[in-house]
Amino acid sequence: MRKSPFALLFFVVNISCFAQFSGFTYPKAKLYLKDYSIVKVKKLEIGNMIASFYNKATNKSETLSLENINLITIQKRSHVWEGAAYGAFTGALTGLLVDIGEDPLGRPNEVTIEEYIGITAVGAALGAIIGSFFPKWKQIYSRGEFLGLNVPMNLNLKTQKDKVVVKITIPL
């Protein structure tokens, strides 16, 4: 009777993990097929070793076995924050170089703190705008294995006399 809570835990965790795996939906994705072609898709649904999607090139809904797919990447956000950081750094560096240099008449330039802040803010805004045009892509499936958070989890339970061994296997 002492082992029944562990057995219950085993079944609840195992069932919930595989229930989550039954179907994922992604708004934008790229499928890299075994014949080296790339398919840009919308509304990708993965479940039971089958990928259902809306093909952007043919404007049709299609279904494909995961055995025919080498890699699946999904779009995750964009590089807005990285672009803003690079732009702010570039703007601040530009302001510093303007302050260090001399004008053509040989007089030293004096840049005020407001001008530093303005140049840095403009650089950050331009960097954020440029970064928004470049999406981030995350791999979720590669050569027969799911990657990241959306992986099925294997949970093994062994009991021997007074010992209970729980083994959790998550492929990375």
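**Strand pairing, core and surface of a predicted model**

S78 is buried, with a relative accessible area of 19%; buried means under 20% relative accessible area, exposed over 50%, and partly exposed in between, with a 1.4 Å probe and protein chains only. The structure is a predicted model, in which local features need pLDDT of at least 70 and side-chain atom pairs count only at pLDDT 80 or more, while totals for chains, interfaces and linings use all residues. Residues are numbered from 1 along each chain as its sequence is written, and side-chain values use heavy atoms, with hydrogens and water left out.

S78 lies in strand β5, residues 69-78. Not counting residues up to four places away in sequence, S78 touches G131, S132, F134, P135 and K136, where a contact means heavy atoms within 4.5 Å. In the protein, buried residues make up 26% of the 172 residues. Of the contacts with a separation of 6 or more, 53% are between residues 24 or more positions apart.

The protein has three helices and nine strands, taken as DSSP runs numbered from the N terminus (helices H or I, at least four residues; strands E, at least two). Along the sequence the pattern is α-β-β-β-β-β-α-α-β-β-β-β. Seven strands form an open sheet with antiparallel pairing, in the order β4-β3-β2-β1-β5-β6-β7. β4 (60-65) and β7 (145-146) are at the edges and have a single partner strand each, so one side of each is left without a neighbour in the sheet. Two strands are taken to pair if DSSP finds at least two bridges between them.

Strands β1 (residues 24-33) and β2 (residues 38-47) run antiparallel and are joined by eight bridges. Within this pair, T25 stands opposite E45 in β2. The hairpin of β1 and β2 has four residues between the strands, and Y36 takes a positive phi near 70° there. β1 also pairs with β5 in the antiparallel sense, over five bridges, and L31 stands opposite I72 in β5.

β3 (residues 50-55) pairs with β4 over six bridges, again in the antiparallel sense. The bridge partner of I50 in β4 is S65, and F53 stands opposite E62 in β4. β3 and β4 form a hairpin with four residues between them, and N59 in the turn has a positive phi of about 55°. β4 is hardly covered, as the count of buried residues among its six residues is zero.

The largest nonpolar core has 18 residues, of which L31, L44, I46, L66, I69 and I72 touch the most other members. β1, β2, β3, β5 and β6 (135-142) each supply at least two residues of this core, and the largest share, five residues, comes from β1. A nonpolar core is a set of buried Ala, Val, Leu, Ile, Met, Phe, Trp, Tyr and Cys residues joined through side-chain atoms within 4.5 Å. Leaving aside neighbours within four places in sequence, I69 is in contact with L31, Y32, L33, K34, A51, L64 and Y141.

The accessible surface of the protein comes to about 12300 Å², of which 62% belongs to carbon and sulfur atoms; accessible areas come from the Shrake-Rupley method with a 1.4 Å probe, and for residues only the protein chains shown count as cover.
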